[in-house]
Structure formats: structure tokens, C-alpha cells
Amino acid sequence: MDRSEFKRELERHKNQIDASIKFLQQGFEDLNKRNYEFYEFVESNYYDLEERLSALERKVKEIS
């Protein structure tokens, strides 16, 4: 393997590594976004269900 061929191979491997890093970074960004969206969904539904439960508890107290 001569010097120019070595440089080409080295550049090819560098490009593959860079592409892999970008792919992993995008995957982590997507995962963080999905985790945040899931957290927001759970949080909004939790408070909605908590409000409904409180309203039902008040109705039960009125009936009792």
C-alpha cells in the first residue's frame, strides 16, 4: 500500500466514523425528544385525571 492509498483509506474510515457519530447523535436527540413528549403526555393526563377524581370525590361527599 502506497502513501496515497493509505491516505484514501484513512479518509474513508474517518468519514465512516463521522457518519456513525452523527447517526448516534441524531438517535440520542430523537430519544430525548420522545422521552420529553412522553413525560409531557403523562404529566398532562395525570393532572387531568387528578382533577376528575377530585370532582368525583366532591360528588360522593354531596351524595353521602
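Of the 64 residues in the protein chain, 0% are buried in this predicted model. The accessible surface of the chain amounts to about 6,400 Å², and carbon and sulfur atoms account for 59% of that area.

Along the principal axes, the C-alpha atoms occupy a box of roughly 90 × 10 × 5 Å. The radius of gyration is 28 Å, whereas a compact globule of 64 residues would come out near 11 Å. In terms of secondary structure, the protein chain contains 1 helix and 0 strands.

Turning to the charged side chains, the protein chain carries 12 positive and 15 negative charges.

The partners are Tyr 46 and Tyr 47, whose rings sit 5.2 Å apart, centre to centre. With 75 degrees between the planes, the arrangement of Tyr 46 and Tyr 47 is edge-to-face, because an angle over 60 degrees falls in that class. Tyr 46 counts as partly exposed because its relative accessibility is 46%, which lies between the 20% and 50% limits. Tyr 47 is likewise partly exposed, with a relative accessible area of 42%.

Terms used: Residues numbered from 1 in each chain as written. Predicted model: local features only at pLDDT ≥ 70, side-chain atom pairs only at ≥ 80, totals over all residues. Heavy atoms only, no water. Helix = DSSP H or I, 4+ residues; strand = E, 2+ residues; numbered from the N terminus. Rg over C-alpha atoms; globule rule 2.2 N^0.38 Å. Buried < 20%, exposed > 50% of the residue type's maximum accessible area, 1.4 Å probe, protein only. Areas by Shrake-Rupley, 256 points an atom, 1.4 Å probe, with all protein chains shown as cover. Lys, Arg positive; Asp, Glu negative; His and termini not counted. Charge placed at Lys NZ, Arg CZ, Asp CG, Glu CD. Phe/Tyr/Trp six-rings, centres within 6.5 Å; stacked < 30°, edge-to-face > 60°.
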